[in-house]
Amino acid sequence: MPPDKTVDLSGRQLRRLPAHVCSFRELAKLYLSDNRLSSLPPELAQLQNLQILALDFNDFKALPQAVCTLQQLCILYLGNNKLCGLPAELSRLQSLRTLWIEANCLGRLPDVVCELAVLRTLHAGSNGLRGLPGRLQRLRELRTIWLSGNLLTDFPAVLLHMPFLEVIDVDRNSIRHFPSLAHLSGLKLVIYDHNPCRNAPRVAKGVRRVGRWAEETPEPDPRKARRYALTQEDSQEGEAPVLPSLLLSPGS
């Protein structure tokens, strides 16, 4: 048993988990990132003291059932695999506070995520998400949600009913209009850059915005926002052009 209760086998090009690892019953942290794993042995269930499990950057097409038995698990890294869904048995992980599922093949957020009652951080970027389920608002402990690089065309309505959220990241989507977020009393940061939006989301005083027309760049007069949007769409470089002085004239 390692004295620090940690085993790190990341980047070893492993195709299977060495059997002796499952004999370390007191293991707290197991890092298997950046290998070639597509399955895990049932014996993994013996690691009932495991708190952190990193399976990111592997070849998993389905989450091994043994993972769903690790009821002390607090942090689970599943990013950069080939997952198209998550098993209903994941709901057994009622200690899970952080879930990374970015860069998989998820066309929708798995319903089971809404059953993880103490989840605080959800990384679900770089999938194929077009929306979020209404049941997500059940997650009263959720504070941070990362949705960058999905297929959102509208700001997810369910997030408007989650005043406890502190960080919302919808960078690199296809959102054209943002509703007001000023009523989200817990919000500290909203990242909305790289969207074809024609307005910046309104936020309460003290909330940081990252995106076009944020604190560093004035938002143009709404009457001229359409003209600006069309200018951007015609840009050959695909980058947001510098706001012309006409748009920034306070009296124009």
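Start with Phe155, Phe178 and Tyr192: in this predicted model, ring pairs link them into a cluster. Across the structure there are 3 aromatic pairs.

Next, select Tyr77 and Trp100. Their ring centres are 5.4 Å apart and the planes meet at 45°, so this pair is tilted. Tyr77 belongs to strand β4 (residues 75-77) and Trp100 to strand β5 (residues 98-100), so the pair ties together parts 23 residues apart in sequence. Check the surface here. Tyr77 is partly exposed at 22% relative accessibility. Trp100 is also partly exposed, at 26%.

Go to Trp213. Arg212 lies over the face of its ring, 5.3 Å from the ring centre.

Now pick Asp171, in the loop between β8 (167-169) and β9 (189-191). Its relative accessibility is 12%, so Asp171 counts as buried. Show side chains: Asp171 and His194 are joined by a polar contact of 2.9 Å. Beyond neighbours within four places in sequence, Asp171 is in contact with residues including Leu147, Ser148, Gly149, Ile191 and Tyr192. Tyr192 is also a member of the ring cluster where the tour began.

Last stop: Asn35, in the loop between β2 (29-31) and β3 (52-54). Asn35 counts as buried because its relative accessibility is 6%. Its side chain reaches the backbone oxygen of Ser33 at 3.2 Å. Leaving out residues up to four places away in sequence, Asn35 touches Leu9, Ser10, Gly11, Arg12, Gln13, Leu14, Phe57 and Asn58.

Conventions:
Residues are numbered from 1 along each chain as its sequence is written. This is a predicted model: local features need pLDDT of at least 70, side-chain atom pairs count only at pLDDT 80 or more; totals for chains, interfaces and linings use all residues. Side-chain values use heavy atoms; hydrogens and water are left out. Helices (H or I, at least four residues) and strands (E, at least two) are DSSP runs, numbered from the N terminus. Buried means under 20% relative accessible area, exposed over 50%, partly exposed in between (1.4 Å probe, protein chains only). A polar contact is a pair of N or O atoms within 3.5 Å; within protein, one must be able to donate a hydrogen and the other to accept it, and residues adjacent in sequence count only if both atoms are side-chain atoms. Contact means heavy atoms within 4.5 Å. Rings of Phe, Tyr and Trp (its six-membered ring) pair if their centres lie within 6.5 Å; planes under 30 degrees apart count as stacked, over 60 as edge-to-face and the rest as tilted. A charge sits over a ring if NZ of Lys or CZ of Arg is within 6 Å of the ring centre and within 35 degrees of the ring normal.
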